[in-house]
Structures are given as structure tokens and as C-alpha cells.
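I'm opening my notebook on a structure that is new to me. Two things to look up today: one residue, then one ligand.

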Amino acid sequence: MMQPLEVGTRVLCRWRDGKHHPVKVIERRRLQSGGPNDYEYYVHYTEFNRRLDEWVRLEQLDLDSVENDVDEKVEDKVTGLKMTRHQKRKIDETHVEGHEELDAASLREHEEFTKVKNIATIELGRYEIETWYFSPFPPEYNDCLNLYFCEFCLTFMKRKQQLQRHMKKCDLKHPPGDEIYRSGTLSMFEVDGKKNKVYGQNLCYLAKLFLDHKTLYYDVDLFLFYVLCECDDRGCHMVGYFSKEKHSEESYNLACILTLPPYQRKGYGKFLIAFSYELSKKEGKVGTPERPLSDLGLLSYRGYWTRVLLDILKKHKGNISIKELSDMTAIRAEDILATLQALELIQYRKGQHVICADPKVLDRHLKAAGRGGLEVDVSKLIWTPYKEQG
Ligand code: ACO
Ligand code: ZN
């Protein structure tokens, strides 16, 4: 009889595209129905983001390709080396920009603690949603695979019947807090984490299911939550949100951003990003998102920055400085420079960064930057910057 595979094993695994891809075994568990050596394996596809990690059956693994990687792990422990070959490879593999800002030790600690997804699906409003990552729900939820959320107050429950009972008595029809924007069926609510602590915490638990490198250990008191909703006669249904520190020393204007999966790729992400910069403009400050950015976060920001900056460059035929761009957009100068550098629109002459904007090149980049997303109509934003009360 075959010995079960060890955690750490590298092997090829058949994925949903029918092809074999390299994986690493992260965890294993005995199959309830099977014999003593029947296991299933939780695998990480080394070419893909961690949200695609999943439990697979032995049949999906190509056993001829087995490679053991367990020794290196032991070596890590014994030598306590700061950055082992193994970790280095791990970082190279994930390709998520921003990881370089997490040191190897905290990255490893994070991955160890969050290695296996706990909740598999959630129900929220009309949607059943598959989750992406681990989220640290309170221990009494450890045995749950599915959770049922009230789409308005975000209370979560273990059973559907509990949710049905809850919906009869829950009197919220929109997020708590102030509606600060309404245009057509879109509304934005500002929720103060201090005034609505439980809502803020529930939102963080929910969001963590789709955010990898974000922690929940901070205090919701210190944050404002901007919740985007699609409204109809049944209420205001959450589409996504971003959080923002009330006071940020690093000039962060956004901490976490999420579009719920059923609403993704429709332009809501760029709307939320645009909204965060509109708030910064009203504050008269420049802003930047908290790092690290996820792969999808980086794509969305790059797209947003490119579109906003190149539109202005086009209008001004390139005759504009980075400082002026920053003043007009509330985008931090470093982010402008990085965006334009990535597009190869910057030259360094006589100790100065100079923007070189050939109209044809701008048009080509603009086309490549994708759709503009949903527009924020600033005339519909009724908001004053946060001030501590009392
Ligand atoms: N594959 C390829 N490109 C993508 C994908 C994808 N799955 N999703 C978004 N993009 C890119 C595209 O360029 C897209 O523009 P396009 O559709 O015009 O081509 C652009 O990002 C943004 O698309 P939107 O529809 O405006 O954004 P969306 O509503 O999908 O939200 C978001 C983007 C918020 C990043 C979403 O993917 C999400 O919630 N992801 C999970 C949580 C997360 O990673 N958040 C960011 C963490 S970093 C931080 O919080 C500071
Ligand atoms: Zn409720």
C-alpha cells in the first residue's frame, strides 16, 4: 500500500483546465470514507495566487512527478537562517508585488497561520460566494464550512434557518452610518468604526475571506468604512467597500479595498479607487493606498493611475510637471513617477525627471489601460472630512 504524501511535497496536479500544474502540498487530512492511507491534500499551485489553493484527491496528482522538499523545512528550523532558499523560492513564486515589503519571517508566519482556508462558501443577499482565503472567525465557528450573512448588518450565522429568523427581525435595509453619495442606483455610506463597532468587525471578517495579506489585528475604532451599494426597493445591497484610517501618518487614503466577487470586473473597483481620491481632494491632501497591494489591487490601481494621468497629459500635450499632476489628482508624486516610469514616459535629464509624452504613445497606453470604470459624479458627494468629536 502507498504511503501518504508528506506536507512539503512538490508534485504536478490536474487543475480545472484539465492540465497539470506544479503544486506544493500544504496540508493533508484523512478521508472519512476511505481506508487508513486515504488522504486528500490541500495544495498551493505555485504558478497561481493563493486564492486558488484547494483540497484535491490523490487521483488528481501525477505521482511520477513527486519531489520531496521536506528537508529544507527542517534546515530552516535548525539554522534559523533569515532567508532560506526555500523561502526565496516561495517569494519568487507568488509574484505578488508588495511582498518585498514583508520580510521573510513575517511572510512565513502569515502563510503558516493562514495556510488552509477555513470557510468555503458564504451566503450574502442573493449570492452564494466561494471564499478565497482564511479569515480568523471566532473559535466557535471553527467547525463551519458555510456561513450565512445578513446582507445589511453583516451578522453571520452557522445555519440558514438562523438567518431566516434574523431577517424577519433585522430592521436595517442599508449599512449603518451616513449616506454621503447617491447617483442613480448607486449609494455610498460612511460608517464610523467607533460608532458601529460590531458592523465594522463583521465587515473585516467578511473582507478577510477575499484579502490575503491584510491583518485584522487593528482596532476598527480607528477606521472609517465606505460601503458601496446598489439600491432597489428591497434595500441597499453591498457591492464592495474600502476602509480608511481616520488619521494616517503615512498619508494612506485607503487601507483595504474589496469588490465582492459577484460584482467584480464591472468597474466598481475603479469607482472605489476614484472615490478615495475624491475624498483626498476634499481634504486637500495627497493620498496613496496602504501596502502591500494584492495582484488584483495592483492591476486596478495601475489601470486607474494610467487612465487618470494620461488623460491629463493628453489635454496638456505633456507640458505639465509631476507636482502639478499630483495637485490635480491627489495621487502621490511617487505613484505618478512609478506609473509613468512603467509606461516609459519618463526621462532623466540634468538631474530632473522629465515627462515625454508623444500623443501616439499616450493613445496606445490609454487603449491598453482598459475601461475607465464607473465615474464618480463629484456633484453628488456630500461630505466633510472627519473631525474628532467632543
Ligand atoms: N483578471 C485580470 N485583471 C483584472 C481582474 C482579473 N480577475 N480583476 C481586475 N482586473 C484589472 C483589470 O485591468 C480591470 O480593468 P478592466 O476590467 O477595465 O480591464 C481592473 O483591474 C479593475 O477592474 P474593476 O472592475 O474596476 O475592479 P473590480 O471591481 O473587479 O475590483 C478589486 C478590483 C477591488 C481589486 C477586486 O479584484 C477585489 O476585491 N479583489 C480582492 C481583494 C483585493 O485584492 N483587494 C486589493 C488589496 S490591496 C489593498 O487593499 C490596498
Ligand atoms: Zn441583520
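**Entry 1: histidine 21**

I looked up histidine 21 first: it counts as buried because its relative accessibility is 12% (buried is under 20% relative accessible area, exposed over 50%, partly exposed in between, with a 1.4 Å probe and protein chains only). The model is predicted, so local features need pLDDT of at least 70 and side-chain atom pairs pLDDT 80 or more, while totals for chains, interfaces and linings use all residues. Residues are numbered from 1 along each chain, chains are lettered from A and ligands numbered from 1 as written, and side-chain values use heavy atoms, without hydrogens and water.

I found histidine 21 in strand S2, residues 20-30 (strands are DSSP runs of E, at least two residues, and helices runs of H or I, at least four, numbered from the N terminus). Its side chain makes polar contacts with the side chains of aspartate 17, at 2.9 Å, and glutamate 47, at 3.1 Å. (A polar contact is a pair of N or O atoms within 3.5 Å; within protein, one must be able to donate a hydrogen and the other to accept it, and residues adjacent in sequence count only if both atoms are side-chain atoms.)

**Entry 2: ligand 1**

Which elements each supply at least two residues of the shell around ligand 1? I noted strand S15 (257-259), helix H6 (268-283) and helix H7 (295-315). H7 gives the most, with four residues.

Next I checked oxygen atoms of ligand 1: one is 2.5 Å from a side-chain N or O atom of serine 294, and a backbone N or O atom of threonine 259 lies 2.8 Å from an oxygen.
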